[in-house]
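The exercises below ask you to read a fold from its coordinates, and each is followed by a solution that goes step by step. Please look through the sequence and the model before starting.

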Amino acid sequence: MFVIQLVFIYESKKNKNMLKIAHDILYKHLLKENHRFPMIKYEMIPEQLIKEGTCNMNNFFIPGEIDDSTILLTHDKNYYYRLMNQELNDKEKRAIGFPMSDRLVQREKKIIQGTVECAMHAINHGISMNIAGGTHHAFSNRAEAFCILNDQAIASNYLINKGLSKKVLILDLDVHQGNGTAEIFKNNKQVFTVSFHGKNNYPFRKEVSDFDYGFEDKTDDKEYLKIISNEIPRLIESFEPDFIFYLSGVDIIENDKLGKLSVSLEGCKLRDNFVLNYCKNNKLPVQVSMGGGYSIEINEIVEAHSNTFRIAQEIFF
């Protein structure tokens, strides 16, 4: 079992230039056996990174407690307090995909604070990463598809509200469109939403991001990498953001149960390498949330996510 709690008390006092990674024991939420969401990955990823020497215990930090006011910069007040008081109706609960509980809500809030704190670390160190997050299906006023509150949307509004960013670009490369993110920022000119996703995948009724690209089923490495390597620089150069939120979902890989694309593990790694190198070379601070990954092989999920951390270490530190 991955145990890091005591180390964080010491680490939090340090300001060393290193990769800062948000993690908490709440991330691994107890679900019924055979649930399609692989919660075990939130334990296995840090274990793997430490075992192989990519990271050590000091890379990880426990997020603090998030203020309601920070969440309410993004989410509807009525929705948020009904969520907090366990007052969602049955239809709203079913849309989540997890059994509703207070612990689930506290987990989500911990993840969100992790992304907020990661954004601050990214400003100081160039990059920071959340072991979880990427809750892009959470709308301003409702939950959907394992997402209750939208971590990167909340962190974007936090940076703008605090005067720490003037223009944010959210780069969503999860295989499912960031529909909640698109809805939240549909009338916000300071946040540019980008979603590359499976054209024929969930959500089947898509929102309109500032930029959407839908890949056909079975898209392979060559086509996938060609498109993102052409489009991402163009979009960033056009909008000129001063901060990037990157949702690095690994559900693009061929064996993913919910994916429909045919990108290899190596192709996914090359994607992350391209994005993070671009941010580094252009001096754009980047916060990374993990997003989805539902391969039929848990070890493949862990390997794909771990590659993102390995690349971050190699490029930035």
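A residue is called buried when its relative accessible area is under 20%, exposed when over 50%, and partly exposed in between (1.4 Å probe, protein chains only). Helices (H or I, at least four residues) and strands (E, at least two) are DSSP runs, numbered from the N terminus. This is a predicted model, in which local features need pLDDT of at least 70 and side-chain atom pairs count only at pLDDT 80 or more, while totals for chains, interfaces and linings use all residues. Residues are numbered from 1 along each chain as its sequence is written, and side-chain values use heavy atoms, with hydrogens and water left out.

**Exercise 1.** Determine which way the side chains of strand E7 point, and find the partners of this strand.

*Solution.* Begin with the general rule that side chains in a regular strand alternate between the two faces of the sheet. In E7, Phe243, Phe245 and Leu247 point one way, whereas Ile244 and Tyr246 point the other way. Because five of the five residues of E7 (residues 243–247) are buried, the strand is largely enclosed by the rest of the structure.

Next, consider pairing, which requires that DSSP finds at least two bridges between two strands. E4 runs parallel to E7 and is joined to it by five bridges, with phenylalanine 245 as the bridge partner of isoleucine 170. E7 also pairs in the parallel sense with strand E8 (residues 286–289), over four bridges, and here valine 288 stands opposite tyrosine 246.

**Exercise 2.** Describe the surroundings of serine 165 and identify the polar contact made by its side chain with that of aspartate 242.

*Solution.* First locate serine 165, which is found in the loop between helix H7 (151–161) and strand E4 (168–172). Its relative accessibility is 4%, so serine 165 counts as buried.

Then apply the criterion for a polar contact: a pair of N or O atoms within 3.5 Å, where within protein one must be able to donate a hydrogen and the other to accept it, and residues adjacent in sequence count only if both atoms are side-chain atoms. The side chains of serine 165 and aspartate 242 are joined by such a contact of 2.4 Å, and a polar atom of the serine 165 side chain lies 3.5 Å from the backbone nitrogen of lysine 167.

Finally, list the contacts (heavy atoms within 4.5 Å). Leaving aside neighbours within four places in sequence, serine 165 is in contact with Leu159, Ile160, Asp242 and Phe243.
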